[in-house]
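Me: I'm new to this one. Can you walk me through it?

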Amino acid sequence: MVNKRSNSSVILWIARIFVGLLFIFSGLIKANDPLGFSYKLVEYFEVFHITFLNFLALSLAIILCSLEMILGFALLIGVRSKQVAWGLLLIIIFFAFLTFYSAAFKVVQTCGCFGDAIVLTPWQSFSKDLVLLLLIIVLFKNRTKIHPLFTAKTGDRLLFVAIIVSLGVGLYTYNFLPVMDFLAYKVGANIPDEMKTPPGAVPDEYEQTYNLKNSKTGATKVMTDKEYIKSNIWKDNSWAVVGDPQTRLVKKGYTPPIQDLSIQDAQRNDYTKELLSSPYYSVFIVANDLNDTNVDAIIRLNALCINLIQNYNIRTMLLTSSPAPDAQAFAKKYHLVSEIFYVDEVPLKSMVRANPGIMLIKNGTIVNKWHYHAVPSYDDLVKQYLQKQ
């Protein structure tokens with residue numbers, strides 16, 4: 001009897017520590033980039049046709065990240081165990097449903113469970129959620145046996161601190177960029193190099209399937225391209241391919257970190273190579289959607305660009321995915337001095353998690369980048385970078 005209780009206690013503690021730490025880690029990774037997580041939520045809103053919730057995506061992202069960290073911490077210290085067990089069970093059922101739906105119907109192909117730090121396929125995410133579900137069921141059934149590490153008063157105080165810290169992490173990274181950048185456009189990355197496939201890299205491997213029909217006997221066969229060649233059936237004129245071959249990806253090969261970047265002017269002329277090969281400092285103002293950008297920040301950045309152009313002949317560019325007529329009207333209204341170029345919204349959202357954000361680039365390398373809340377002054381830019389070039 002004692003051994004059974006001891007074993008049960010050990011299993012409970014293992015589940016408690018594993019689930020608690022994983023929830024904290026998962027929440028913290030996503031809270032590092034709440035704007036990126038909000039983009040993922042918008043994808044799910046589109047799948048379930050609830051796009052009227054898009055305006056809540058960022059708030060929900062910060063709250064969900066915080067909730068994961070809070071539940072994980074509360075589980076570890078054993079505070080309010082019954083409520084925490086219910087919270088864990090409900091949230092893992094919700095996550096398991098989303099990952100299963102993504103995997104089964106091939107809709108959202110990366111769930112964002114661990115942000116961009118650890119990218120999982122939908123089936124990998126669902127498998128992870130199933131393991132967590134089993135452990136949480138163990139915790140839920142034994143919720144009355146989850147004993148606190150501190151007194152109730154101390155536990156509640158620690159929980160309050162955890163709530164403040166959890167929400168604070170998400171709010172800080174939203175307003176001042178992720179503390180750790182796991183995206184391709186991180187500081188120090190050379191954009192042209194990130195767009196290349198290195199020599200010897202294994203490409204994607206595809207398989208073609210042919211539908212064959214014998215003109216003499218009417219018999220049919222389905223064969224892969226390898227079987228088709230190996231069997232020499234192609235030498236027999238009585239066999240003919242019917243319809244178009246079906247192609248499927250057999251093995252994923254190397255994919256460049258940046259594969260969708262094209263910088264164009266209003267006439268669709270491509271300036272990607274020119275802008276990313278300049279040996280001098282260039283300033284890129286990234287404003288994905290000009291209808292949703294922070295206008296006050298744009299005005300401040302424009303004043304900064306005027307000084308940089310006049311005193312150091314720095315080339316400054318505004319990158320946006322807004323339609324050309326809208327961008328030109330916006331530039332005219334606010335007397336922008338930067339050249340305007342157009343980029344698809346996907347790479348723009350990855351460049352800087354801000355609207356607007358700013359990147360300092362030299363020889364295609366991202367020297368630094370800033371949220372509009374943290375853009376250095378003209379004097380600081382000169383002292384730190386321009387006087388050293």
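**Helix packing and overall form**

Reply: Helix H3 (residues 57-77) packs with helix H6 (residues 152-176) at an angle of about 150 degrees, their axes 9 Å apart. Axes are lines fitted to C-alpha atoms, for helices over the stretch in contact, and angles run from 0 to 180 degrees between N-to-C directions. This is a predicted model: local features need pLDDT of at least 70, side-chain atom pairs count only at pLDDT 80 or more, and totals for chains, interfaces and linings use all residues. Residues are numbered from 1 along each chain as its sequence is written, and side-chain values use heavy atoms, with hydrogens and water left out.

Me: Which residues in H3 meet H6?
Reply: Among them are Leu58, Ile62, Met69 and Phe73 in H3, and the H6 residues they and others meet include Leu158, Ile163 and Tyr174. Contact means heavy atoms within 4.5 Å.

Me: And by class, how many residues are nonpolar, polar or charged there?
Reply: The contact of H3 with H6 has 14 nonpolar, four polar and no charged residues. Ala, Val, Leu, Ile, Met, Phe, Trp, Tyr, Cys and Pro count as nonpolar, Asp, Glu, Lys and Arg as charged, and the others, Gly among them, as polar.

Me: Zooming out, how many helices and strands are in the protein?
Reply: The protein has 13 helices and nine strands, taken as DSSP runs (helices H or I, at least four residues; strands E, at least two) and numbered from the N terminus.

Me: What box do the C-alpha atoms fill?
Reply: Roughly 85 × 80 × 40 Å, along the principal axes.

Me: What share of the residues is buried?
Reply: Of the 389 residues, 43% count as buried, meaning under 20% relative accessible area with a 1.4 Å probe, protein chains only.

Note on methods. Buried < 20%, exposed > 50% of the residue type's maximum accessible area, 1.4 Å probe, protein only.
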